[in-house]
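Biologist: I've got the model open and I'd like to go through it with you. Could you take my questions one at a time?

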Amino acid sequence: MLEELKATGEAALADIAAAADGAELEQLRVRYLGRKGELTLLLRRTGSLPAEERPAFGQTANQIKKKLEAALAQAEASLAGRAQGPAVTAGVDVTLPGIKPRRGHLHPVTQTERAILAIFERMGFTVVEYPEVELDWYCFEALNMPPDHPARDMQDTFYVEEQVVLRTHTSTSQIRVMENTPPPIRVVAPGKAFRRDSDATHTPMFHQVEGLMVSEDISFAHLKGVLIDFVHQFFSPEVPVRFRPSFFPFTEPSAEVDIGCVVCGGGGCRVCSQTGWLEILGSGMVDPNVFINVGYDPDEVTGFAFGMGIERIAMLKWGINDLRMFYDNDLRFLRQF
Ligand code: PHE
């Protein structure tokens with residue numbers, strides 16, 4: 001009977017080790033330790049043994065019972081742990097590093113804006129910001145565009161009210177800053193601009209950086225020096241720069257600034273329309289009429305202004321061919337910056 005007892009104990013331990021879930025364990029508990037369990041029944045037969053064999057049998061039976069109870073409890077705990085997750089399952093290395101959440105970063109337009117501003121700040125320009133919703137005066141009239149001026153056709157304007165517009169350019173800042181501050185002035189003004197336009201190279205909202213420098217004896221040479229230095233710092237010191245005569249109502253003379261095509265290096269390609277040059281900004285000497293409109297004396301001061309599109313500059317810097325990418329919020333695009 002002692003042999004039978006030991007064999008039952010071995011079989012029970014093997015069964016417990018092989019159990020796949022809690023229900024199976026419970027079945028095993030009933031089968032071996034229950035009221036009519038195999039071990040219980042064996043124990044009940046102790047009385048049928050010769051008196052001198054009983055103590056040893058009883059002792060062994062109790063040891064086996066304790067072993068089985070311990071094995072059941074342990075198996076139960078480990079199965080419960082497995083149900084909670086794979087971390088404690090055999091074969092999984094719980095010391096492996098977890099999956100880190102990705103960190104966000106600044107939008108490429110913001111990165112470009114900050115890079116542009118940093119260059120001008122090093123040249124002594126101060127950053128200023130003004131409203132996106134503007135009076136007609138600041139957007140057009142004071143910038144030498146009276147109501148009947150043909151140059152207003154250049155702008156596709158969003159009107160809030162008859163005299164209130166979403167600014168079509170950051171040149172509003174020229175008037176804003178000069179009407180509040182006596183010369184000398186050296187500012188850059190970043191911000192949003194709005195035009196009724198939408199295709200691969202135009203979005204209804206885009207960003208510009210305006211620049212304005214006014215003092216006694218500011219000349220076109222200063223304009224050239226500052227802008228060439230900017231291009232060389234932002235793109236590369238090797239990039240060729242040219243000033244092409246142009247027209248803006250609020251500057252005279254005016255020039256658009258081109259850089260040697262950063263895609264083909266000047267040989268001619270699709271991006272530069274085979275010209276070898278890319279336009280990056282508009283500029284010019286502040287028109288005397290603008291000075292008069294802000295109460296400056298055009299015989300006392302001169303100055304230059306410039307305005308550039310941030311998205312356009314970002315596109316050239318990174319070789320992006322569709323402006324709308326900046327506003328799709330496609331993470332596959334944004335994560336590249
Ligand atoms: N405001 C002009 C534009 O949006 C750019 C410009 C700014 C030109 C300052 C000359 C001087 O196109």
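Modeller: Let's start with Val263, which is in the loop between strand S8 (251–260) and strand S9 (277–286). Helices (H or I, at least four residues) and strands (E, at least two) are DSSP runs, numbered from the N terminus. Before we go on: this is a predicted model, where local features need pLDDT of at least 70 and side-chain atom pairs count only at pLDDT 80 or more, while totals for chains, interfaces and linings use all residues. Residues are numbered from 1 along each chain as its sequence is written, and side-chain values use heavy atoms, with hydrogens and water left out.

Biologist: How much accessible area does the nonpolar patch of Val262, Val263 and Val271 have together?

Modeller: Patches are made of residues with over 30% relative accessible area and no salt bridge; like charges are joined within 9 Å, and nonpolar side chains (Val, Leu, Ile, Met, Phe, Trp, Tyr) within 5 Å. The areas come from the Shrake-Rupley method with a 1.4 Å probe, and for residues only the protein chains shown count as cover. For Val262, Val263 and Val271 together, the accessible area is about 220 Å².

Biologist: Which residues form the negative surface patch?

Modeller: Asp and Glu count as negative and Lys and Arg as positive, with His and the chain ends not counted. The place of a charge is taken as NZ of Lys, CZ of Arg, CG of Asp or CD of Glu. The negative patch is made of Glu216, Asp217, Asp297, Asp299 and Glu300.

Biologist: Is Asp217 buried or exposed?

Modeller: Asp217 is in the loop between strand S6 (205–215) and helix H8 (220–234). Buried means under 20% relative accessible area, exposed over 50%, and partly exposed in between (1.4 Å probe, protein chains only). Because its relative accessible area is 65%, Asp217 is exposed.

Biologist: How many salt bridges are there?

Modeller: The rule asks for a side-chain nitrogen of Lys or Arg within 4 Å of a carboxyl oxygen of Asp or Glu. By that rule, the count is 9.

Biologist: What separates Arg29 and Glu26 along helix H2 (residues 22–33)?

Modeller: Their side chains meet in a salt bridge, 3.2 Å from N to O. Arg29 is partly exposed at 29% relative accessible area, and Glu26 is partly exposed too, at 40%. Because they are 3 residues apart in the helix, Arg29 and Glu26 are separated by about one helical turn.

Biologist: How many residues apart are Glu134 and Arg176?

Modeller: Glu134 and Arg176 form a salt bridge with the closest N and O atoms 2.8 Å apart. This pair links distant parts of the chain, with Glu134 in strand S2 (residues 133–135) and Arg176 in helix H7 (residues 172–180). Both Glu134 and Arg176 are buried.

Biologist: What is omega for the cis peptide bond joining Glu252 and Pro253?

Modeller: Most residues other than glycine have a negative phi, and most peptide bonds are trans. The bond from Pro183 to Pro184 is cis, with omega near 5 degrees, and Pro184 is in the loop between H7 and S5. Pro253 is in strand S8. For the cis bond joining Glu252 and Pro253, omega is about -5 degrees.

Biologist: What is the positive phi of Gln274?

Modeller: Gln274 is in the loop between S8 and S9, and Gln274 is exposed because its relative accessible area is 56%. Although Gln274 is not a glycine, its phi is positive, at about 65 degrees.

Biologist: How far apart are the C-alpha centres of domain 1 and domain 2?

Modeller: The bounds come from an automatic or database domain assignment, which gives domain 1 (2–80) and domain 2 (108–334). Between their C-alpha centres, the distance is 88 Å.
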